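Subject: Structure handover

Hello,

Here is the structure for your own work. Notes on what was found in it follow below.

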Amino acid sequence: METGRRRVSRGMLPLLALHTANEYYRVGWKPPVTAGLLAANTLIYLRPSFIDSMLPTIDKVWFNPHLILKNKDLKRFLLSPFYHMDEAHLVYNMMSLLWKGIQLETSMGSAEFASMVATLLGMSQGITLLLAKSLLLFFDYERAYYSQFAVGFSGVLFAMKVVLNSQSADYTYVHGLIVPTRHAAWVELILIQMFVPGVSFLGHLGGILAGILYLRLKGTYSGSDPLTILFKGLADALSWPLRFAQGLFRRRRISGRGTVGGRQTRRTSGVWRCWSCTYDNPGGLSICEMCGTARNGNGLSSPLQWPRQSHELPLDELRRRRLERFGR
């Protein structure tokens, strides 16, 4: 998260678009949830005309513990991660989301990844709110944390970093320092707080604690969590029309009197493939319906058993026969 109120365009969005296109071109399977999160954050920042009237302004969604608790403002609680201060803030977070999201979604699957992101978002926001309220009650830290305004996806990104690195025994570089990968989030939290002004320490800390809590809960729960089941059901429901159309298309091809094309020679029950034009004919026919070539005993056509061999047919005549066949 980053605090402040100015938005400054620095022309970095083309860089984000190019990097995203390159990463998705490189991977075999294209993670859809990661792409959706990138698109959602970017569109909210750009506010194109067709959605501008539906989006609240940034001053209505700042994450502010005092206003959230006073007004029970779920809008601030849920939407603040998707808003960013400026182009650099957005691009930095989306680059991080792209790298972490592709790895996690590829290993977990889209439904479980979507469930994890939703869970981490709610947990990181809730923990940040709890920390701010606790500091106010026990240490009277009102101005520093309880009345702070912040936006950005980085709290969720810190939680994702904890999940991604939890099983790693390797070492990694964090701003020039070599540290154990599983502790990289803690080191980055301290370094960012030291050298980057205006960041939300509680927001990042809440993300790290959310990632740890998620892993603990995940370790004690066997099977798919309710959110994963819900997202799988939604994905199946949304993809049902496409699967139905594909199944209908296949049935139409199989239930027809034959199909044209294919590189392999097939000999299945009731179907034989013409050697000359590759048309699949019903097994009861001895002559190809497409070009008139005779069938031989091994399931292929035999051009020698027909008075006029198919390879001797003029091209115009072959086209005419095919048009007649499909025009029936």
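**Cavity**

The structure holds 1 cavity of 30 Å³ or more. A cavity here is a set of points, on a 1 Å grid over the protein atoms alone, where a 1.4 Å probe fits but cannot get out. Grid points are joined across faces, edges and corners, and a volume is the space filled by probe spheres set on the points.

This is a predicted model, in which local features need pLDDT of at least 70 and side-chain atom pairs count only at pLDDT 80 or more, while totals for chains, interfaces and linings use all residues. Residues are numbered from 1 along each chain as its sequence is written, and side-chain values use heavy atoms, with hydrogens and water left out.

The volume of the largest cavity is about 60 Å³. Its lining comprises 12 residues, and those nearest the centre are Phe-63, Thr-128, Tyr-145, Gln-148 and Ser-200; a lining residue has an atom within 4 Å of a point. Helices α7 and α11 each supply at least two residues of this lining. Helices are DSSP runs of H or I with at least four residues, strands are runs of E with at least two, and both are numbered from the N terminus. By class, the cavity lining has 8 nonpolar, 4 polar and no charged residues. Ala, Val, Leu, Ile, Met, Phe, Trp, Tyr, Cys and Pro count as nonpolar, Asp, Glu, Lys and Arg as charged, and the others, Gly among them, as polar.

The largest pocket has a volume of about 700 Å³. A pocket is an open set of points with protein on both sides within 12 Å along at least five of seven lines. It is lined by 31 residues, of which Tyr-92, Ser-96, His-175, Glu-188 and Ile-192 are the closest to its centre. At least two lining residues come from each of α6, α9, β1 (171–174) and α10 (184–195). Of the elements, α6 gives the most to the pocket lining, with 8 residues. The lining of the largest pocket divides into 16 nonpolar, 9 polar and 6 charged residues.

**Salt bridges**

The whole structure contains 5 salt bridges, each being a side-chain nitrogen of Lys or Arg within 4 Å of a carboxyl oxygen of Asp or Glu. One of them joins Lys-161 to Glu-188, with the closest N and O atoms 3.1 Å apart. This pair links distant parts of the chain, since Lys-161 is in helix α9 and Glu-188 in helix α10, 27 residues apart. Both Lys-161 and Glu-188 are buried, where buried means under 20% relative accessible area, exposed over 50% and partly exposed in between (1.4 Å probe, protein chains only). Glu-188 is also among the residues closest to the centre of the largest pocket.

Asp-52 and Arg-47 form another salt bridge, at 2.8 Å between the closest N and O atoms. Asp-52 counts as partly exposed because its relative accessibility is 34%, whereas Arg-47 counts as buried at 18%. In the bridge between Asp-73 and Arg-76, the closest N and O atoms are 3.1 Å apart. Asp-73 counts as buried at 16% relative accessibility, and Arg-76 is buried with a relative accessible area of 10%.

**Aromatic pairs**

How many aromatic pairs does a search of the whole structure find? There are 2. Rings of Phe, Tyr and Trp (its six-membered ring) pair if their centres lie within 6.5 Å; planes under 30 degrees apart count as stacked, over 60 as edge-to-face and the rest as tilted.

Trp-62 and Phe-149 make an edge-to-face pair, 6.2 Å centre to centre with 85° between the planes. Trp-62 lies in the loop between α3 (49–52) and α4 (65–71) and Phe-149 in the loop between α8 (142–146) and α9 (154–165), 87 residues apart. Trp-62 counts as buried at 2% relative accessibility, and Phe-149 as partly exposed at 27%.

The pair of Phe-82 and Phe-153 is tilted, at 5.7 Å centre to centre and 50° between the planes. Phe-82 is in the loop between α5 (74–79) and α6 (87–108) and Phe-153 in the loop between α8 and α9, so the pair ties together parts 71 residues apart in sequence. Phe-82 is buried, with a relative accessible area of 17%, and Phe-153 counts as buried at 0%.

Regards
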